[in-house]
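Biologist: I would like a close look at one part of this protein. Please take me through its disulfides and what surrounds them.

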Amino acid sequence: MLKMLDGWVCAFLLVLYCSVEVIDASAGDADPRYRVCITQCQETGCVAQRCFPNCKFSSDGEFIDRPWYMQQEPLYLQWKKWDCQSDCRYYCMLDREKERESHNLGPVKYHGKWPFRRIYGMQEPASVAFSALNLAMHFHGWVSFFILIYYKLPLKDGKKAYYEYAGLWHMYGLLSLNSWFWSAVFHSRDVDITEKLDYSSAVVLLGYSLILAILRTFSIRDEATRVMVAAPLIAFVTTHVMYINFYLLDYGMSCHVIFILLLPRLRVDCRNNSA
């Protein structure tokens, strides 16, 4: 009963979140002083006495700013470096937060994120740590399941597991590991490519979780029936992943897609709890 209640509470909170209009600006980056600081930084390459080598200008004085992943250095060396825009935003944010703190004002979000300090080149160290812990726990669970199926339980001829859903659960474990890996990468470095990989991995994992929940709950063992159940959901998830990668990364639409994928799974859980 408590599990069913928790599921519906999560669904309610998700609906409430989705009902709020999604906007690009946060209170911090809408601050006029913050905007002035950004403009001055992009014109001079400096914030107060702090200047950035990534803010480069051509001979005619025009600003040159190339994304970190378009530079010529190896990727592992670029990872701890930042482009001019990122440095300007970060140090303007820190200076503005110091001013707010001196006036006994609380922190606000900038570009949808709280003002965390970088640690070893990571933007959100706490989120990275939690994502890494989730990754470690899923890896432990997947390895434990593998050992149980293939080393502790009897096998069929040809060393195949008796458990008919073993392959499906292995795929779930791999997709979970992939999702939490890109979550950790995204929170350590928020750029366009890591953001898309993070959201795409999350959507794929949710879609597959729904497929697996349906197949396992209704004990669907026939391969043809499994394909008939999975095909429309795979097409739906694939279409959305292509949409957010090649057309528009719409947070509002992604939220509604997550709800669409999550609601049937909550109904399946409720059916299991009532049985």
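Which handedness does the link of C46 and C51 have about the S-S bond?

Modeller: The link of C46 and C51 is right-handed, with 100° about the S-S bond. Keep in mind that this is a predicted model. The sulfur atoms of C46 and C51 are 1.9 Å apart. C51 has a relative accessible area of 48%, so it counts as partly exposed.

A search of the whole structure finds three disulfides. Another one joins C37 and C92, with sulfur atoms 2.0 Å apart. Its angle about the S-S bond is -85°, a left-handed link. This pair ties distant parts of the chain: C37 sits in helix 2 (residues 32–44) and C92 in helix 4, 55 residues apart. Both C37 and C92 are buried.

C41 and C88 also form a disulfide, their sulfur atoms 1.9 Å apart. That link is left-handed too, at -75° about the S-S bond. Here again distant parts of the chain are linked: C41 belongs to helix 2 and C88 to helix 4, 47 residues apart. C41 counts as buried because its relative accessibility is 0%. C88 has a relative accessible area of 0%, so it is buried as well.

Now helix 4 itself. Its 19 residues (84–102) should span 27 Å at 1.5 Å a residue, and the end C-alpha atoms are 27 Å apart, so the two agree. Its buried residues include C84, D87, Y90, M93 and L94, besides C88 and C92. R96, E97 and R100 are also among them. After helix 4 comes N104, with a positive phi near 60°.

Definitions and conventions
Residues are numbered from 1 along each chain as its sequence is written. This is a predicted model: local features need pLDDT of at least 70, side-chain atom pairs count only at pLDDT 80 or more; totals for chains, interfaces and linings use all residues. Side-chain values use heavy atoms; hydrogens and water are left out. Helices (H or I, at least four residues) and strands (E, at least two) are DSSP runs, numbered from the N terminus. The expected span of a helix is 1.5 Å times one less than its number of residues. Buried means under 20% relative accessible area, exposed over 50%, partly exposed in between (1.4 Å probe, protein chains only). A disulfide is a pair of cysteine sulfur atoms within 2.5 Å.
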